Amino acid sequence: MTGARMLRLGGRICRDVLVWAAIGLISFPLVWMVLTSLKPRIETNGYPPSFLPSSLTLVHYYDLLFRTGFGQLFVNSLFVSLTSTLVAVLFGIAGAYGLVRFRFAARGLMARLVLFAYLLPAVVLLVPLYVIVASIGLNGSLWGLVITDTTFALPFALWLLRAFVAALPPDIEAAAAIDGAGRFAILFEIVIPQALPGILATAVFTFIMAYNEYLYALVFINADQSMTLPPGVLRLVKESYDIDWNLMMAAAVVITMPILLLFALVQRHFGQGLGAGSVKG
Amino acid sequence: MTLATRNAAFGYLLMAPSVLFFVILIAYPLGQTLVISLYHMSTLTRTGEFIGAANYTALLQSGEFWNAFGNTLIWTVGCLALQLGLGVAFALILHGKLFLRPIARALVLFPYLLSTVVAVLVWQWLFNDLYGYLNYLAEEYGVVDGPINWLGQSPNAMISVIVVAAWKQFPFVTIAVLARLQGIPKALYDAAKIDGANAWSRFWDITVPQLKPVLAMVIILRTIWDFKEFDLIFMMTGGGPRSSTETLPLLVYKEVFPKLSMGSGAAIAMIMLAIMLVFFWIYAGQYDREESARTR
Amino acid sequence: MAAISLDHIRKSYGAHVIVDNLCIDVQAGEFLTLLGPSGCGKSTILRMIAGLDSPSAGGILFDGRRMNDVLPADRNIAMVFQSYALYPHMTVRQNLEYPLRKRRVPAQQRAAMVDNVAGILQIGPLLDRRSSQLSGGQQQRVALGRAMIRSPDVFLFDEPLSNLDATLRAHMRAEIIQLHQRLGKTMVYVTHDQIEAMTMSTRIAVLEGGKLLQLGPPAEVYARPATRFVASFVGTPRMNFLPGALVPGGFRADGLALEIAVAHAADAVRVTAGVRPQDLLLAKDGLPARVTLVERTGQETLVTTSAGAQTLVLRLDESCKLRIGDEIAIGVRPGKLHLFDEASGERLGNDDCHP
């Protein structure tokens with residue numbers, strides 16, 4: 001090996017070590033989360049705090065699932081997010097296909113409105129949506145939350161799906177029309193199968209968005225049994241005099257699990273989905 | 001019916017559920033926000049009297065509003081600057097050669113996927129004054145004597161919240177920039193090499209101009225999103241200490257719920273909407289330009 | 001088999017007119033080519049025949065029956081696209097079966113029809129592959145098969161060969177001609193490639209800017225182009241054009257010592273004369289010109305010359321020994337001059353050429 005080559009190799013190793021140190025720094029909070037959730041409490045609340053646990057324990061996960069109301073929160077969150085994702089994606093597919101492929105009056109305006117709704121701050125609708133949900137007697141109910149979550153999930157899903165549908169070659173639908181497929185057959189047999197990866201990615205992003213929703217859950221829900229995760233877990237923190245951080249980190253890990261799972265499912269389309277919604281190219 | 005009419009009718013049919021949703025749950029509520037903002041109205045009774053623009057004039061004269069306005073400005077600019085710096089830096093790093101690059105990418109992108117509540121829990125734990133790891137490190141390595149009050153005093157609180165937000169959101173910038181970097185034709189760099197450009201001028205003359213449109217989009221989009229952020233700040237600090245992290249979205253919430261003053265909350269929401277419309281207008285313009293550039 | 005009538009068709013988007021007052025009668029069993037540069041409206045016309053676009057005005061008739069408001073599915077047509085438009089999520093077999101399934105053909109019959117078409121097009125081994133795994137030529141064959149399989153009344157082709165390489169294109173061209181001869185169905189073929197138009201068609205319709213310029217058999221379009229545009233679009237190498245005027249006794253080119261006797265001589269009419277490269281020859285007392293480029297293809301030699309301000313291309317045989325810079329004199333084969341009105345571009349006189 002020549003000197004120059006060794007120097008270059010050395011430089012590269014140095015660079016990689018530095019870069020990985022930076023990545024370690026970025027990931028540290030997550031590592032710390034997992035470590036804390038697996039440590040005995042004595043190691044967390046002592047001085048100095050241990051970095052690596054001397055013994056691993058799953059007791060905090062056990063406590064979380066069987067000694068707190070976390071399980072109920074989790075079920076509630078899944079129910080609200082899955083329902084609003086389902087509605088948003090179904091309506092979104094139909095709307096996106098209509099918006100992209102059919103010529104009708106006000107089509108451009110519609111596309112603009114979808115973008116507007118997608119970017120609209122949730123807090124701007126806080127007052128009237130609170131009034132509406134209260135006036136139909138759904139405050140305090142998970143169904144009220146499904147409605148408001150869908151309100152924000154639908155423009156998001158529509159906007160993402162629009163890009164996915166627009167990316168499909170229109171000739172294929174024309175070929176199907178000529179081959180004898182009716183309008184619904186084209187949608188179900190030709191458009192949806194082709195857009196399936198995009199639809200899946202959209203569903204995952206929409207789910208994550210609804211799963212993370214905090215403001216409306218905070219405002220609408222008071223009773224513990226119909227609380228969703230974000231406000232519910234924070235209430236666990238606020239209500240305890242002495243916060244059990246091991247338990248909280250176990251909660252953080254469990255909350256992250258569904259997202260991690262879904263992300264693994266659509267990882268290939270991750271950048272694509274994000275790009276489609278905003279900054280494609 | 002003609003074919004064109006039937007096609008249009010089918011288009012309307014497909015749009016109908018979405019349109020219905022939009023009208024009932026977005027358009028009508030927006031109108032309601034405007035109407036309520038002209039009333040003196042209690043959140044509990046939801047009745048009140050028409051007072052014209054009085055909510056607005058009262059707001060523009062209140063220190064609370066301008067405090068929140070200023071905080072929103074600091075928050076948005078601070079988040080944006082930090083996110084852009086981190087985001088672009090990591091995009092460039094992750095675009096180049098790197099040991100175990102796929103894993104590095106996944107790790108860097110991960111904070112963006114986290115629930116806000118998870119990010120908040122983790123960072124509150126790190127910031128904890130008694131057992132928090134950050135204070136331990138700071139004391140252990142002699143940076144400070146006593147524990148730092150990360151969230152309980154000003155300006156620490158604002159800085160801490162901005163750092164957490166930037167940590168959580170910068171991967172969005174990374175993803176967008178990375179996608180663009182991967183889209184730059186390699187032939188451009190080859191041509192520049194043949195023309196004798198060194199690595200530095202290749203970066204300035206090829207990479208930077210190619211990134212400009214995507215950066216423009218990212219900046220506008222992140223500005224809109226940071227501007228409207230409620231969850232992260234509210235969960236971290238609740239707006240405190242002493243309103244030092246209270247931004248406009250938090251002020252809306254505070255007016256409507258703790259203070260039960262629906263009318264003035266709606267008025268702040270309308271002011272936010274007006275500001276947001278400006279950004280929306282810029283974004284839509286930029287989006288159209290991008291779109292037509294792409295289809296050409 | 002069906003005859004198609006386009007009756008005063010118009011297509012516009014707002015003020016933007018794409019097809020303007022077009023009338024074409026396609027006879028049953030005919031192979032009609034719509035030829036023109038991109039943007040001339042030819043694809044839009046095809047899409048209107050298919051029912052994918054609706055005309056803004058005018059009627060589309062199949063055997064006298066108005067089809068404007070009939071869905072594409074109910075027109076009993078088949079179409080082959082430039083992009084092939086195979087269903088990417090289906091196998092080749094499923095692609096071929098799709099039009100049959102939509103017409104509720106029983107499974108057994110479907111299988112037999114697929115095997116038959118696969119045999120004709122020699123795509124049997126590909127049947128269980130996904131369309132995305134095929135090469136361009138294979139995809140085009142499958143697309144052709146999907147069109148053939150249900151014996152439509154009309155075949156529509158939208159630049160089907162544009163994405164293929166030159167060898168494959170010649171091969172597929174022959175296959176489509178054979179298909180037409182075997183099935184005898186009405187076919188409407190859109191292309192910008194005049195060689196395809198010349199070799200395949202019963203008749204050619206030349207279009208520009210949404211207007212029909214000429215409709216006729218290939219030989220006639222070539223020999224008697226109706227407008228200057230048609231003359232320049234049909235035939236390679238391109239026809240030479242010389243601005244000039246009709247004077248008593250003949251055509252006089254501007255700024256050149258060239259005067260040719262023509263029958264329709266009139267006084268002081270501004271015209272453009274066109275002459276194909278093979279109708280120019282070396283002549284002792286002809287127009288002096290200098291050779292600027294010599295291109296040898298092996299079987300012929302294209303010689304580009306400049307005479308005054310004009311450029312003239314000659315098509316000479318392979319034995320030509322001319323080199324760049326040579327001074328030559330050019331003559332026109334008798335009776336091979338085409339005259340076009342300078343303002344309107346329209347052909348003067350109905351003869352093959354002017355004597």
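A residue is termed partly exposed when its relative accessible area falls between the buried range, under 20%, and the exposed range, over 50%. The legends below refer to a predicted model.

**Figure 1. Ser243(B), a non-glycine residue with positive phi in a loop of chain B.** Ser243(B) belongs to the loop that joins α10 (231–237) to α11 (248–256) of chain B. Its phi lies near 60°, a positive value although the residue is not glycine. Most residues other than glycine have a negative phi. Because the relative accessible area of Ser243(B) is 23%, the residue is partly exposed.

**Figure 2. Asn21(C), a non-glycine residue with positive phi in a strand of chain C.** Asn21(C) is located in strand β2, which spans residues 16–26 of chain C. The phi of Asn21(C) is positive, at about 50°, and the residue is not a glycine. With a relative accessible area of 49%, Asn21(C) is partly exposed.

**Figure 3. The cis peptide bond from Thr236(C) to Pro237(C).** The omega angle of this bond is near -10°. Most peptide bonds, by contrast, are trans. Pro237(C) occupies the loop between α8 (228–233) and β11 (240–247) of chain C. In the domain assignment of chain C, domain 1 covers 4–227 and domain 2 covers 237–341.

**Figure 4. The two domains of chain C and the contact between them.** The assignment gives domain 1 (4–227) and domain 2 (237–341) for chain C. To their contact, domain 1 of chain C contributes four residues and domain 2 of chain C contributes five residues. The centres of the two domains, taken over C-alpha atoms, are separated by 39 Å.

**Figure 5. Leu25(B) and its contacts with chain A.** Leu25(B) is part of helix α1, residues 3–36 of chain B. Its relative accessibility is 9%, and Leu25(B) therefore counts as buried, the limit being under 20%. When neighbours within four places in sequence are set aside, the residues in contact with Leu25(B) are Leu125(A), Leu129(A), Ile147(A) and Thr151(A).

**Figure 6. The buried residues of helix α6 of chain B and their packing partners.** Helix α6 of chain B extends over residues 133–140, and its buried residues are Tyr133(B), Asn135(B), Tyr136(B) and Ala138(B). These buried residues pack against two helices, α1 (3–38) of chain A and α5 (116–127) of chain B.

**Figure 7. The setting of the chain B views: elements, extent and surface of the chain.** Chain B contains twelve helices and two strands, arranged from the N terminus as α-β-β-α-α-α-α-α-α-α-α-α-α-α. Along the principal axes, its C-alpha atoms fill a box of roughly 80 × 75 × 30 Å. The radius of gyration of chain B is 24 Å, whereas a compact globule of 296 residues would have a value near 19 Å. Of the 296 residues of chain B, 51% are buried. Among contacts in chain B with a separation of 6 or more, 66% involve residues 24 or more positions apart. The accessible surface of chain B amounts to about 13,000 Å², and carbon and sulfur atoms account for 67% of that area. Chain B carries 19 positive and 17 negative side chains, with the centres of the two sets 12 Å apart.

Definitions and conventions. Residues numbered from 1 in each chain as written. Chains lettered and ligands numbered in written order. Predicted model: local features only at pLDDT ≥ 70, side-chain atom pairs only at ≥ 80, totals over all residues. Heavy atoms only, no water. Buried < 20%, exposed > 50% of the residue type's maximum accessible area, 1.4 Å probe, protein only. Helix = DSSP H or I, 4+ residues; strand = E, 2+ residues; numbered from the N terminus. Contact = heavy atoms within 4.5 Å. Rg over C-alpha atoms; globule rule 2.2 N^0.38 Å. Areas by Shrake-Rupley, 256 points an atom, 1.4 Å probe, with all protein chains shown as cover. Lys, Arg positive; Asp, Glu negative; His and termini not counted. Charge placed at Lys NZ, Arg CZ, Asp CG, Glu CD. Domains from an automatic or database assignment.
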